[in-house]
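Good morning, and thank you for coming.

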Amino acid sequence: MKLYNIKDPTEQVSFEQAVQQGLGRGQGLFFPESLPVFDNIDELLSLNLVERSALILSKVLGEELSHETLQAILGSAFNFAAPVVSVSDKISALELFHGPTLAFKDFGGRFMAQCLATFADGSKTTILTATSGDTGAAVAHAFYGMENIEVVVLYPKGKISPLQEKLFCTLGGNIKTIAIESDFDACQAMVKQAFDDQELKQAIGLNSANSINISRLLAQVCYYFEAFAQLPAAQRAQTVVSVPSGNFGNLTAGLIAKAMGLPVKRFIAATNANDTVPRYLRDGQWDPKPTQATLSNAMDVSQPNNWPRIEELFKVKAWGLSELASGRMDDQQTAKAVQNLASQGYICEPHGAIAYQQLSEKLADDEYGLFICTAHPAKFKESVDEILKTDIALPDALAQRADLELLSKTLPADYALLRQMLLESK
Ligand SMILES: *Cc1c(COP(=O)(O)O)cnc(C)c1O
């Protein structure tokens with residue numbers, strides 16, 4: 001597989017290089033030089049998740065990873081289900097939260113960890129990543145205990161849910177967690193700065209596990225196919241997919257699936273009050289505002305990293321951006337959406353509920369809707385309990401960690417201090 005740097009297309013890399021480097025020169029994102037288009041979609045959809053995903057990704061990756069290697073990687077990475085659950089006559093939920101850290105980030109995090117382990121040459125690697133709440137947990141758990149890999153996770157102090165924090169800041173071992181006294185965009189900026197720091201990069205073997213890493217996106221493409229495999233064949237071409245979006249990796253993966261021939265009718269990009277993209281799609285002005293804290297904190301991103309990939313894909317496929325629907329919801333509307341779903345018998349956390357509400361408002365009579373449930377409701381127990389005046393149960397993965405001590409350090413949003421800490425712990 002060949003990929004190029006969107007900012008500087010003369011920089012071309014293999015999948016292995018792209019996975020290991022994360023970002024290209026000038027912080028440019030890597031993008032596939034070509035994508036296969038499948039014309040045997042029904043045949044593909046008749047396979048199971050692991051077999052189908054191995055087939056799709058081996059076509060994307062070419063000779064770089066054999067079909068057998070991919071099958072082994074995916075067998076251990078995707079060892080949990082992604083069920084489509086019916087909510088009403090016309091709307092279903094794609095539940096992506098049945099992995100070990102109860103959010104869709106497990107798909108990408110676990111696949112990336114397996115790829116890096118496969119490509120490992122014995123030298124030491126430091127995975128530096130910023131999280132708005134769920135990536136940190138998925139990446140930390142996926143790499144926990146792996147040899148020669150140290151994981152450093154930055155997250156905005158006090159801006160992720162207490163249970164999200166417990167899930168990954170209590171592991172210790174090769175997992176270091178740092179609470180940054182600022183917002184997610186500041187954490188993301190510090191990670192990018194580290195990538196531009198050649199000396200540091202060399203010294204600690206820097207890599208990133210953010211959704212800027214192409215391996216995560218490719219893993220996520222697979223569950224869109226899985227969702228369509230579970231829909232009645234007659235509905236597929238009329239299905240609209242609504243994606244709760246923050247850094248826009250999830251939507252990028254969905255659009256890539258469509259580019260490969262999955263018959264998604266159209267997509268809805270659903271955001272919270274951090275609505276840079278909906279405003280951009282409406283006015284044509286890219287005008288990020290300061291990041292606001294919301295109930296759907298994993299989408300508190302005002303400068304979504306993956307947006308350039310979406311623009312690139314629309315350009316390559318000659319699609320019009322006007323085909324992409326979008327909308328935003330404030331916290332009050334989000335809480336209403338959670339209640340609205342509960343009244344239909346479906347308990348959902350704020351991120352999925354935003355996608356649901358946007359979908360139900362924008363769905364035409366002849367369309368079916370699928371919204372993506374990105375996290376288990378218990379991961380946002382504080383909000384869900386308060387909105388629904390209930391007390392939802394904690395699944396084992398959370399219950400086991402809820403009483404453990406947090407091991408995080410706190411740092412101001414100051415790159416020099418982060419750099420020093422990374423070099424000292426080398
Ligand atoms: C990360 C995350 C999102 C946003 O996904 P992007 O790929 O960054 O757009 C939405 N919901 C939850 C629960 C998340 O963890």
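Let me begin with the second largest pocket, where α8 makes the largest share of the lining, 4 residues. Helices here are DSSP runs of H or I with at least four residues, strands are runs of E with at least two, and both are numbered from the N terminus. The model is a predicted one, in which local features need pLDDT of at least 70 and side-chain atom pairs count only at pLDDT 80 or more, while totals for chains, interfaces and linings use all residues. Residues are numbered from 1 along each chain as its sequence is written, and side-chain values use heavy atoms, with hydrogens and water left out.

A pocket, on a 1 Å grid over the protein atoms alone, is an open set of points with protein on both sides within 12 Å along at least five of seven lines; a cavity is a set where a 1.4 Å probe fits but cannot get out, and lining residues have an atom within 4 Å of a point. Points are joined across faces, edges and corners, and the volume is the space filled by probe spheres set on them.

The second largest pocket has a volume of about 340 Å³. Its lining consists of 17 residues, and those nearest the centre are Lys-192, Gln-303, Pro-304, Asn-305 and Pro-308. Both α8 (184-195) and α13 (307-317) supply at least two residues of that lining.

The largest pocket holds about 470 Å³ of space. Which of its 22 lining residues are the closest to its centre? They are Gln-20, Ser-123, Lys-124, Thr-125 and Gly-205. Two or more lining residues come from each of α1 (15-21), α5 (105-119), α9 (198-204) and β9 (206-207).

Six strands form an open sheet with mixed pairing, in the order β4-β5-β13-β10-β11-β12; two strands pair if DSSP finds at least two bridges between them. Because β4 (84-86) and β12 (325-328) stand at the edges with a single partner strand each, one side of each has no neighbour in the sheet. Within the sheet, β10 (239-244) and β11 (266-271) run parallel and are joined by 5 bridges, and Ser-242 has Ile-268 in β11 as its bridge partner.

Across β4, β5 (91-95), β10, β11 and β13 (368-373) lies helix α10 (214-230), running at about 140° to β10. Axes are lines fitted to C-alpha atoms, for helices over the stretch in contact, and angles run from 0 to 180 degrees between N-to-C directions.

Finally, consider Leu-57, in helix α3 (49-61). Is this residue buried or exposed? Leu-57 counts as buried, because its relative accessibility is 1%; buried means under 20% relative accessible area, exposed over 50%, and partly exposed in between, with a 1.4 Å probe and protein chains only. Beyond its neighbours within four places in sequence, Leu-57 is in contact (heavy atoms within 4.5 Å) with Leu-70, Leu-74, Phe-111, Leu-218 and Cys-222.
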